[in-house]
Amino acid sequence: AHRQRKRQRLKLVLLCDVSKSMDLYSRFLIQFIYAFQSVYRRIETFVFSTSLHRVTETLKTEELEDALDQLTTTVPDWSGGTKIGESLQGFVQDHGLSLVDHGTVVLIISDGWDTGDIEALDESMHFLKQHARSVLWLNPLMGNPGYEPTTRGMQAALPHIDLLVSAHNVASLRTLVRQLSHVQHGRQLRAA
């Protein structure tokens, strides 16, 4: 028993798109992220639209409705444009080395509609893939029959993603929780 390797607790970094194209899903997904805050002690949460904003403390210290109200009024670009590349680049530059290592799962929640610098998206995703344990992309549009990840943002991100999953309803988020359990126990990620 003394020789068995200790299983390290999973660290999560959540990066959630709150741009205009995600309006239908943002509040629902923030509720899901809020629930994660109580399950995972080692979690950092950011939202982005045209820029990145750390919201970990807001989600930890406020009641859900208060947190949602505070986020929608204090995040300056909530429901604005979408610059995924620049937002992820800001994360990598300011937090990448301190928050992401081989024990970290990075969850990016976005529809992939990027109007910004695609090269910045590609470079940021490459960094995350190299440094994180796993990179998962949750795309609420995958709940639509016939959806194909053909946007420029998704095309740039795909080579760096370990798993692309849906995030459009409670059932899809339950599937995500099972996937994280696989990662926690060192098993292979697989599409649902």
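Glu44 lies in strand S2; helices (H or I, at least four residues) and strands (E, at least two) are DSSP runs, numbered from the N terminus. The model is a predicted one, in which local features need pLDDT of at least 70 and side-chain atom pairs count only at pLDDT 80 or more, whereas totals for chains, interfaces and linings use all residues. Residues are numbered from 1 along each chain as its sequence is written, and side-chain values use heavy atoms, with hydrogens and water left out.

With a relative accessible area of 17%, Glu44 is buried; buried means under 20% relative accessible area, exposed over 50%, and partly exposed in between (1.4 Å probe, protein chains only). Leaving aside neighbours within four places in sequence, Glu44 is in contact with Leu12, Val13, Leu14, Arg54, Thr56 and Leu99, where contact means heavy atoms within 4.5 Å.

## Overall organisation

The chain contains 7 helices and 6 strands. Their order along the sequence is β-α-β-β-α-α-α-β-α-β-α-β-α. Of the 192 residues of the chain, 52% count as buried. Among contacts between residues at least 6 apart in sequence, 77% join residues at least 24 apart.

## Salt bridges

A salt bridge is a side-chain nitrogen of Lys or Arg within 4 Å of a carboxyl oxygen of Asp or Glu. By this rule the count comes to 6 salt bridges. Side chains of opposite charge can pair when their charged atoms come close. In the pair formed by Asp162 and Lys129, the closest N and O atoms are 2.2 Å apart. Asp162 counts as partly exposed at 31% relative accessibility, and Lys129 is partly exposed at 31%. Elsewhere, salt bridges that share partners join Glu44, Arg54 and Glu57 into one network.

The side chains of Glu65 and Arg27 also meet in a salt bridge, at 3.6 Å from N to O. Glu65 belongs to helix H3 (residues 64-74) and Arg27 to helix H1 (residues 23-39), so the pair ties together parts that are 38 residues apart in sequence. Glu65 is partly exposed, with a relative accessible area of 45%, and Arg27 is partly exposed at 35%. A further salt bridge joins Asp23 to Lys20, with the closest N and O atoms 3.4 Å apart. Here Asp23 is partly exposed, with a relative accessible area of 33%, whereas Lys20 is exposed at 54%.

## Nonpolar cores

A nonpolar core is a set of buried Ala, Val, Leu, Ile, Met, Phe, Trp, Tyr and Cys residues joined through side-chain atoms within 4.5 Å. The largest such core has 31 residues, of which Cys16, Ile30, Phe36 and Ile109 touch the most other members. Two or more residues are given to this core by each of strand S1 (11-17), H1, strand S2 (43-48), H3, strand S4 (104-109), strand S5 (134-139) and S6. H1 supplies the largest share, 6 residues.

Not counting residues up to four places away in sequence, Cys16 touches Leu29, Ile30, Ile33, Phe46, Val47, Phe48 and Ile109.

## Packing of H4 against H5

Two packed helices are described by the angle between their axes and the distance between the axes. The axes of H4 and H5 come within 7 Å and cross at roughly 40°; axes are lines fitted to C-alpha atoms, for helices over the stretch in contact, and angles run from 0 to 180 degrees between N-to-C directions. The crossing is left-handed, a term that applies if the near helix is turned anticlockwise from the far one by less than a right angle, with right-handed used if clockwise.

On the H4 side the contact includes Ile84, Leu88, Phe91 and Val92, and on the H5 side Leu121, Met125, Phe127 and Leu128 are among the residues met. The residues of this contact divide into 10 nonpolar, 5 polar and 2 charged. Ala, Val, Leu, Ile, Met, Phe, Trp, Tyr, Cys and Pro count as nonpolar, Asp, Glu, Lys and Arg as charged, and the others, Gly among them, as polar.

## Backbone at Ser79

Ser79 is found in the loop between H3 and helix H4 (84-99). Its phi is near 65°, a positive value in a residue other than glycine. Most residues other than glycine have a negative phi. At 24% relative accessibility, Ser79 is partly exposed.
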